[in-house]
Amino acid sequence: MLSKSQARAFFLGGTAVTFLIFIGLTVYSLSPKNDQTNHQNIDEKVVRGKEIWESNNCMGCHTILGEGAYYAPELTKVYERRGEGYIKSILTSPIPWGPKGRKMVAYKMNNADADAVIAYFKWIGEINLNGFDQVVSPLSKEK
Amino acid sequence: MKYKSQKVAYWFFALCMLLLVLQIVYGFIMGFARVGMDGLHDVIPFNTARAVHTNLLVVWLLTGFMGAAYYIIPEEAQQELVNVKLAYVQLISLAVVGVVAVVGYHFNYWEGRKFLEIPRELDFLVVVNVLLFLGLILATLWKGKRKTTTAIVLTMGLLFAALLYLPGMIWFDSQVTDAFFRWWVVHLWVEGVWELIMGGILSFLLIKLTGVDREVIEKWLYVIVGLTFLSGILGTGHHYYYIGVNKIWLVVGGIFSALEPLAFLAMALFAINMYRKGEKSHPNKLAIFWTIGAAIVSFIGAGVLGFAHTLPQTNLYTHGTLVTAMHGHLAFWGAYAMIVLAIISYAIPNLTGRKRHESTQGKLAFWLSNIGMIGMTTAFGVAGVAQVYMERKMKMEFMDVQNEISIHFVVLILCATLFATGIILYIYEFIKYGKPTDEALEAKLS
């Protein structure tokens, strides 16, 4: 029968081994040779876009890379699906956008901020998502 | 109650109740918005309501864990809390940070990162607050007459939870790296170290409520938390399938997250077996209901419903849909909310010296809240599966799908009303018990 000290050894040993493997896999998957995000394309505009995305808590309604709140559309492929002009008109609109009855806050962005968010969406849209990009936005693939 | 300083736990539990009510109110705002009744949109848009709803969940559970620690550690260590005044300072500062964060969310003062919306300046205050809490707990444990496995596992959980908050404070230019390390906090909290906290509280409650030998219970506690980390750490990979990192996570995350239900199954079997082996003579039946209930519902919510969409082949379609909300609600309810309500149900009669063990309201609170939450989970599940088929298979537009599934949110609101009634009854009971008193010290009702 298992003793308490054996149970403790199982807990401590199992935790240590799996944590070390986890760290190893983290280093491996984030190493530059395994990059799937076109990291070299992240410029000042993309970073500014990410800041605007976060400071307005866009993820509190939308999803991106499949993460968010499921209240408003998934935006991973929005650049490809809707195009620059459509996105810009929503971001700069002085009146709330409300397609099919669900309202969005009117952010009234200036051109520079809207362009930064668009650059961020463009960068997001080019990430290799291990096949999810074809499921999340079939409309863009059908074009 | 055996030590006067345990009384501080009561005020943490009271704050818990207040924050839980607020969380439910904001949940209703979101539910009504989903069926088109969004009259509060200009004041409380959906993203504000959601940030408040999820953050209040985290804060009230952490407040409950802290209250549990202030109740459990003195009793386990056989030592008064080293500084009660500082514990109250910690409670008040925690409440102030929470209020500032919640009010700030209504004025675009946030970070906009799912679950970690608290702005950076407040992050530092959270760190100071948690350090003060840990200092008090560790010093009490250090000075204590004994260092039990239950106390050590609980304290380890709280300590690691604090350490794991730090990766979430690092800024990354890349959304992918940001998401990667955000899951270090969120996943390794809820599917890792929080399970240590849950295990510690569960172990304490089973020792007290069943009368089974401590050595037996604590041995199995080690096995359960061992299984938790063995599967949960590498199980983090199920969040990395489709966010833009290497495919190796499809294999590693798939295998280890499929093993995660084992820890919850072990916890459920453990709780049921200890209850069967026990004397069944403890008068506080409500605490037993909540304790055994937490172990069973967490297995269904976190274990079974988590497994339902954890394999990469399934998650390819369910990732980013309401299926996640289905799993999330019952998992948090079973694993963490119920265990906090269990320790409150156990501690309150001991802190106040009053017995309301046979209260009808108390029993109704348990059943209504659980039936309500199972109904809510079902509504989310049906909406989520329908969303997957219409949006991901039939390639319908997002809002067309949302309109099709809105009826399930009417069901959600009805079930949430049942759930809220249960919680109101629980809080009514909490208030009826009155405030803690030193007279309860002699009563020793444990």
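In chain B of this predicted model, helices H2(B) and H4(B) are roughly parallel to each other, because angles under 35 degrees are counted that way and the two axes cross at roughly 15°. The axes of H2(B) and H4(B) come within 9 Å, and the crossing is left-handed. H4(B) spans residues 120–143, while H2(B) covers residues 46–77. On the H2(B) side, the contact is made by B:Met66, B:Ala69, B:Tyr70, B:Ile73 and B:Ala77. Facing them from H4(B) are B:Asn129, B:Val130, B:Phe133, B:Leu136, B:Ile137, B:Thr140 and B:Leu141. Sorted by class, this contact of H2(B) with H4(B) holds ten nonpolar and two polar residues, with no charged ones.

Helix H2(B) also packs against H6(B), which runs over residues 175–210. Here the angle is about 40° and the axes lie 11 Å apart; H2(B) and H6(B) are therefore oblique to each other. This crossing, too, is left-handed. H2(B) contributes B:Val58, B:Leu61, B:Leu62, B:Phe65, B:Ala68, B:Tyr71, B:Ile72, B:Glu75 and B:Glu76. The partners in H6(B) are B:Trp189, B:Trp194, B:Ile197, B:Ile201, B:Phe204 and B:Lys208. The contact of H2(B) with H6(B) comprises twelve nonpolar and three charged residues and no polar ones.

A further pair in chain B joins H1(B), residues 8–34, to H14(B), residues 406–432. Their axes are 10 Å apart at an angle of about 160°, which makes H1(B) roughly antiparallel to H14(B). The crossing of H1(B) and H14(B) is again left-handed. From H1(B), the contact draws on B:Tyr10, B:Phe13, B:Ala14, B:Met17, B:Leu20, B:Val21, B:Ile24, B:Phe28, B:Gly31, B:Phe32 and B:Arg34. From H14(B) come B:Ser406, B:Phe409, B:Ile413, B:Ala416, B:Thr417, B:Phe419, B:Ala420, B:Ile423, B:Tyr426, B:Ile427 and B:Phe430. Of the residues in the contact of H1(B) with H14(B), 18 are nonpolar, three are polar and one is charged.

Attention now turns to the interface between the chains. There, 69 residues of chain A are in contact with 77 residues of chain B. The two chains bury about 6600 Å² between them, with 64% of that area on carbon and sulfur atoms. Within the area that chain A buries against chain B, A:Lys4, A:Phe22 and A:Tyr70 supply 12%, more than any other three residues.

Charged pairs also link the two chains, and seven salt bridges are counted between chain A and chain B. Over all chains, a search of the whole structure finds 26 salt bridges. One of them pairs the side chains of A:Glu67 and B:Arg182, with an N to O distance of 2.6 Å. This pair crosses between chains, from A:Glu67 in strand S2 of chain A (residues 67–68) to B:Arg182 in helix H6 of chain B. Another salt bridge brings together the side chains of B:Asp400 and A:Lys100, at 2.8 Å from N to O.

Definitions and conventions
Residues numbered from 1 in each chain as written. Chains lettered and ligands numbered in written order. Predicted model: local features only at pLDDT ≥ 70, side-chain atom pairs only at ≥ 80, totals over all residues. Heavy atoms only, no water. Axes fitted to C-alpha atoms, helices over the stretch in contact; angles between N-to-C directions. Helix = DSSP H or I, 4+ residues; strand = E, 2+ residues; numbered from the N terminus. Parallel < 35°, antiparallel > 145°, perpendicular 65-115°, else oblique. Left-handed = near helix turned anticlockwise from the far one by under 90°. Contact = heavy atoms within 4.5 Å. Nonpolar A, V, L, I, M, F, W, Y, C, P; charged D, E, K, R; others polar. Buried area = accessible area lost by both parts, 1.4 Å probe. Salt bridge = Lys/Arg side-chain N within 4 Å of Asp/Glu carboxyl O.
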